[in-house]
Amino acid sequence: MSEETKKTEEKPIVEIQNVVASVILDQRIDLNMIVRNFENVEYKPDQFPGLVFRLEKPKTATLIFSSGKMVSTGAKSEKQAHEAVHKIVRELRNKKIIGKTKPQITVQNIVASATLPGKIDLEHAVTTLERTMYEPEQFPGLIYRMHDPDVVILLFASGKLVCTGAVNEKMVYDAAEKLMNELIQKGLLIR
Amino acid sequence: MSLPTDELQRWACPQCGSKKIVEDKRSGEIYCSECGFVLVQKLLDETKEWREFGDEESEKRDRVGSPLSSTIYDYGLSTTLETGIKDATGKVLSEKAMAEAQKLRLWQQRNRAYNSAERNLQVASKVISQIADQLKAPKATYVRAVQIYRDALERGLVRGRPINSLAAAALYAACRDSGIPRTLKEVANASGLKRKEVARSYRLLIRSLESKMPLSDPAIYVEKVASKLKVGPEVERETLKILKEAKDKKITAGKDPLGMVAAAMYLATQRLGLQLFTQKQIAEASNVTEVTVRNRYKGLREALEGIKEV
């Protein structure tokens, strides 16, 4: 019972660091028009076919392609990513660069960092957990490919971790919690 | 009971679990060199029976081909039709029969699995042997590396990737698997590839073959660094002791094994009251930076001796 209460008491502290979302607008965009109308953009067609549209609030960078597709990066939450995309679409529409559309937004990847309460016994974790890789010669963290949710976690001896590959926020929290319970159960978390 | 000798490497002693299994051709036994447990008795000797002097004599007495080897695509079990003008009874063949034989030979050669996979393995085997030579890795490791490469080839991992990098990765994997102290850096240098490339292929190998490599243990590098710096066995022993303590205290997790060795050896000389080398020298010998040595050294002193340096 005490083990049970401990589990609910202590939760991993999760912080989402980056949300990457792809957007389909379903109409072509004249990138040169954007360059003429906006200050905070970067467009070097001979280097990269996309235009970089930076927003201050929410602080994101969005790549816009002439095909009408966009990639938004840098948002700290799914909500922020949506906000950023809508803001850009609104501004482009105000300048008559694009017509009326409903952007299709799909979150492609979420990167989050988390801290677990205690240190991790990496050397034993490699052998007890499935689908892991730990090569201290190459990288100090242990790479753990979780099945469900389908994410990749980099585990460090300090008890900190990085989780990537999630496509919604719930996956991140589920993964962190599942991992922590697994570590506690197998005695790999040293307090 | 006859098997390619390189198979031995995969064996473990059922008695003590040691992997140091040796074959003694004279007594015809395979036994564990750690505890002496005999795994196989009355082994068939695959080598030649007679002493011979000169090529002709050896040819006359030869009844079999070369022993099986997994470094060759078909394990050296290929068949070829003899070229000659006489048949088995010693009669000279007629022209018609010779033409027939020539046709058969051709078909037989084409029928042999001389395909791209075989050619690929041939090239890879050569590359691996070159790298292994440069690193002075033992023959058994080379053979193991070819085995790993063959596995990769059979799973289609090689397609679309350079042979070189996979060959180097296979050799590194073999070194790790058999506890031969060669770092990824050394393998990369010997193969003329970037460390990153070899590392990428190595990760691919491990992931796709679902093999578990033994953890790279700092202890296996101690001897190597020690011999480079020409320090005595007492330092080696103390270093191993320190590494063991460090491992028990779990401060080795996530740290470069070579950095750990360097710092432990430095601490060892201090404990023994010796001054054999500078931090710079040990850093060079173990191929890490001085900063790494100092940081690990600090960590070791804190964890093992309770000394906090400001």
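1. Pro58(A) sits in a loop of chain A, between strand E3 (51-55) and strand E4 (60-64). The model is predicted. The peptide bond joining Lys57(A) and Pro58(A) is cis. Its omega is about -10 degrees.

2. Chain A has another cis peptide bond to look at, from Asp148(A) to Pro149(A). Omega there is near -5 degrees. Pro149(A) also belongs to a loop, the one between strand E9 (142-146) and strand E10 (151-155) of chain A.

3. Now the contact between the chains. Chain B brings 21 residues to the contact and chain A brings 18 residues. The area buried between chain B and chain A is about 1,600 Å². Carbon and sulfur atoms give 50% of that area.

4. What polar links cross the interface? The count is 8 residue pairs in polar contact between chain B and chain A, with both residues at pLDDT 80 or more. On the chain B side, helix H5 (163-177) and helix H7 (195-209) each supply at least two residues. H7(B) gives the most to this side, with 5 residues. Sorted by class, the side of chain B that touches chain A holds 8 nonpolar, 4 polar and 9 charged residues.

5. The salt-bridge rule finds 2 salt bridges across the interface of chain B and chain A. One of them pairs Glu135(A) with Arg176(B). The closest N and O atoms of this pair are 2.5 Å apart.

6. Over all chains, the rule gives 14 salt bridges. For the pair that crosses between chains, Glu135(A) lies in the loop between strand E8 (132-134) and E9 of chain A, and Arg176(B) lies in helix H5 of chain B. The cut-off for buried is under 20% relative accessible area.

7. Within chain B, Lys20(B) and Glu34(B) form a salt bridge. Their closest N and O atoms are 3.6 Å apart. This pair links distant parts of the chain, with its partners 14 residues apart. Lys20(B) is in the segment before strand E1 (21-24) of chain B. Glu34(B) is in the loop between strand E2 (29-32) and strand E3 (38-40) of chain B. Lys20(B) is exposed, with a relative accessible area of 51%.

8. Helix H9 of chain B holds both Asp248(B) and Lys244(B), 4 residues apart, about one turn of the helix. Their side chains meet in a salt bridge, at 3.4 Å from N to O. Asp248(B) counts as exposed at 53% relative accessibility. Lys244(B) also counts as exposed, at 53%. There is a network to check as well: salt bridges that share partners join Glu238(B), Lys241(B), Glu245(B), Arg271(B) and Glu305(B).

9. Where does Lys250(B) lie? Its place is the loop between helix H9 (233-248) and H10 of chain B. Lys250(B) is not a glycine, yet its phi is positive, about 60 degrees. The residue is partly exposed, with a relative accessible area of 36%.

10. Asn287(B) also has a positive phi, near 65 degrees, and is a residue other than glycine. The loop in question runs between helix H11 (279-285) and helix H12 (290-305) of chain B. At 39% relative accessibility, Asn287(B) is partly exposed.

11. H10(B) is mostly covered, with 13 of its 15 residues buried. Just after H10(B), Gly273(B) takes a positive phi of about 70 degrees.

Conventions. Residues are numbered from 1 along each chain as its sequence is written. Chains are lettered from A and ligands numbered from 1 in the order in which they are written. Side-chain values use heavy atoms; hydrogens and water are left out. Buried means under 20% relative accessible area, exposed over 50%, partly exposed in between (1.4 Å probe, protein chains only). Contact means heavy atoms within 4.5 Å. Buried area is the accessible area (1.4 Å probe) that two parts lose on being put together, summed over both. A salt bridge is a side-chain nitrogen of Lys or Arg within 4 Å of a carboxyl oxygen of Asp or Glu. A polar contact is a pair of N or O atoms within 3.5 Å; within protein, one must be able to donate a hydrogen and the other to accept it, and residues adjacent in sequence count only if both atoms are side-chain atoms. Ala, Val, Leu, Ile, Met, Phe, Trp, Tyr, Cys and Pro count as nonpolar, Asp, Glu, Lys and Arg as charged, and the others, Gly among them, as polar.
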